[in-house]
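Opening my notebook on this one. I want to go through the contacts one type at a time and write down what I find.

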Amino acid sequence: QVQLVESGGGLVQPGGSLRLSCAASGNFFRINDMGWYRQVPGKGRELVVSITGGGATNYVDSLKGRFTISRDNAKNTVYLQMNSLKPEDTAVYYCYAEVVNARFTSRGYDSWGQGTQVTVSS
C-alpha cells in the first residue's frame, strides 16, 4: 500500500517558478524510480523527468536547464523545481513511484499521485 500526494502547483506568470513536491507514505519495502509526468487536454501523458534510487536522472532534452528533479529517500519525497516557466508548460503534473514490496523483486508496480495543476499565464 502506498499513497502519493503532490503539492506545490498553482498559477504563475511566464518566467516564474514553482516547486512541486510528492511524498509517498504507506507500507512498502522500497521505492525504485520516481519522477514526474504531465498531461494536457487532447494529448497523452508524457514523461518530464525521472530519477532512480541512486540519483541518476533522465530529463527530456528540451527541459534541461529549466527543470530540476531531486529526491530525499529518508522522507520518501521527490521534488521538481521548475524555473523560467512558459505557457506551454501548463499541464496537470503527476508524480509516480515504482514501489517494491519484497526484497528480491527488482521491478515493482507504478503508483500515481492524483495530479496537481500548473498553469502558466499572464
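I start with salt bridges, taking one as a side-chain nitrogen of Lys or Arg within 4 Å of a carboxyl oxygen of Asp or Glu. Before the entries, my ground rules: this is a predicted model, so local features need pLDDT of at least 70 and side-chain atom pairs count only at pLDDT 80 or more, while totals for chains, interfaces and linings use all residues. Residues are numbered from 1 along each chain as its sequence is written, and side-chain values use heavy atoms, with hydrogens and water left out.

**Charges**

I looked up the salt bridges and got five in the structure. Arginine 38 and aspartate 89 make one of them, at 3.1 Å from N to O. This pair links distant parts of the chain, with arginine 38 in strand E4 and aspartate 89 in the loop between E8 and E9, 51 residues apart. (My strands, E, are DSSP runs of at least two residues, and helices, H or I, would need at least four; numbering goes from the N terminus.)

I then checked burial, where buried means under 20% relative accessible area, exposed over 50%, and partly exposed in between, using a 1.4 Å probe and protein chains only. Both arginine 38 and aspartate 89 come out buried. Aspartate 89 also meets arginine 66 in a salt bridge, 2.8 Å from N to O. Here arginine 66 sits in the loop between strand E6 (57-59) and E7, 23 residues from aspartate 89, and arginine 66 is buried too.

Glutamate 46 bridges to arginine 38 at 3.0 Å, N to O. I have glutamate 46 down as partly exposed at 41% relative accessibility, against 11% for the buried arginine 38. So what links up in a network of salt bridges? I noted Arg38, Glu46, Arg66 and Asp89.

**Rings**

Next I ran the aromatic pairs: rings of Phe, Tyr and Trp (its six-membered ring) with centres within 6.5 Å, called stacked with planes under 30 degrees apart, edge-to-face over 60, and tilted for the rest. There are three such pairs. Tyrosine 37 and tyrosine 96 have ring centres 5.4 Å apart and planes at 70 degrees, so I log them as edge-to-face. Tyrosine 37 is in strand E4 (residues 30-39) and tyrosine 96 in strand E9, so the pair ties together parts 59 residues apart in sequence. Tyrosine 96 is buried at 8% relative accessible area, while tyrosine 37 is partly exposed at 22%.

Tyrosine 37 also pairs edge-to-face with tryptophan 112, with centres 5.2 Å apart and planes at 65 degrees. I put Tyr37, Tyr96 and Trp112 down as one aromatic cluster.

I also checked for a charge over a ring (NZ of Lys or CZ of Arg within 6 Å of the ring centre and within 35 degrees of the ring normal). Arginine 45 has its charged end over the ring of tryptophan 112, 4.7 Å from the centre, and over that of tyrosine 94, at 3.7 Å.

**Sulfur**

Last, I looked for disulfides, meaning cysteine sulfur atoms within 2.5 Å. I found one, joining cysteine 22 to cysteine 95 with S to S at 2.0 Å. Cysteine 22 is in strand E3 (residues 18-26) and cysteine 95 in strand E9 (residues 91-100), 73 residues apart. I read -80 degrees about the S-S bond, a left-handed link, and both cysteine 22 and cysteine 95 are buried.
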